[in-house]
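Biologist: I would like to learn how to read strand pairing and disulfides in a model. Please start with the terms.

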Amino acid sequence: QVQLVESGGGWAQAGGSLRLSCAASGTLFSINAMGWYRQAPGKQRELVAAISSGDMKYYVDSVKGRFTISRDNAKNTVYLQMNSLKPEDTAIYYCNIINYWRLISLNDYWGQGTQVTVSS
């Protein structure tokens, strides 16, 4: 069974930075593409960044140039470095296994997520 544990969220002022981590178990992490999603109150969950098994990267337009996704296969962990944070980045952030070419999640199980709150 795949387990995903997100951490690193918290409170930041606009313009600040946070680094999120997602530890995965129960899967061959190195062969999986991974994605970071977020869900703001009253909105649908959206994919904000993705990284393939070969380190190709995708970003939604709203975070390009501000967020950086990376992975450490030795630690079965994917990271999201978030800089120049904006209040509209406030959301619960989740990670999941994805199909990189279709940008859709492949795992029905979602972790508990980590809350990010950005104040103006």
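Modeller: Two strands pair if DSSP finds at least two bridges between them. Helices (H or I, at least four residues) and strands (E, at least two) are DSSP runs, numbered from the N terminus. This is a predicted model, where local features need pLDDT of at least 70, side-chain atom pairs count only at pLDDT 80 or more, and totals for chains, interfaces and linings use all residues. Residues are numbered from 1 along each chain as its sequence is written, and side-chain values use heavy atoms, with hydrogens and water left out.

Biologist: Which residue in the hairpin of β4 and β5 takes a positive phi?

Modeller: Gly42 does, with phi near 75°, and 6 residues lie between the two strands. β4 pairs with strand β5 (residues 46–51) in the antiparallel sense over 5 bridges, with Met34 opposite Ile51.

Biologist: How many bridges join β4 to β9?

Modeller: There are 7, and these strands also run antiparallel. Arg38 in that pairing stands opposite Tyr93 of β9.

Biologist: Is β4 largely enclosed or open?

Modeller: Buried means under 20% relative accessible area, exposed over 50%, partly exposed in between (1.4 Å probe, protein chains only). In β4 (residues 33–39), 6 of the 7 residues are buried, so the strand is largely enclosed by the rest of the structure.

Biologist: Which cysteines does a disulfide join?

Modeller: A disulfide is a covalent bond between the sulfur atoms of two cysteines. The criterion is a pair of cysteine sulfur atoms within 2.5 Å. Here Cys22 is joined to Cys95, S to S 1.8 Å. Cys22 lies in strand β3 (residues 18–25) and Cys95 in strand β9 (residues 91–99), so the pair ties together parts that are 73 residues apart in sequence. Both cysteines, Cys22 and Cys95, are buried.
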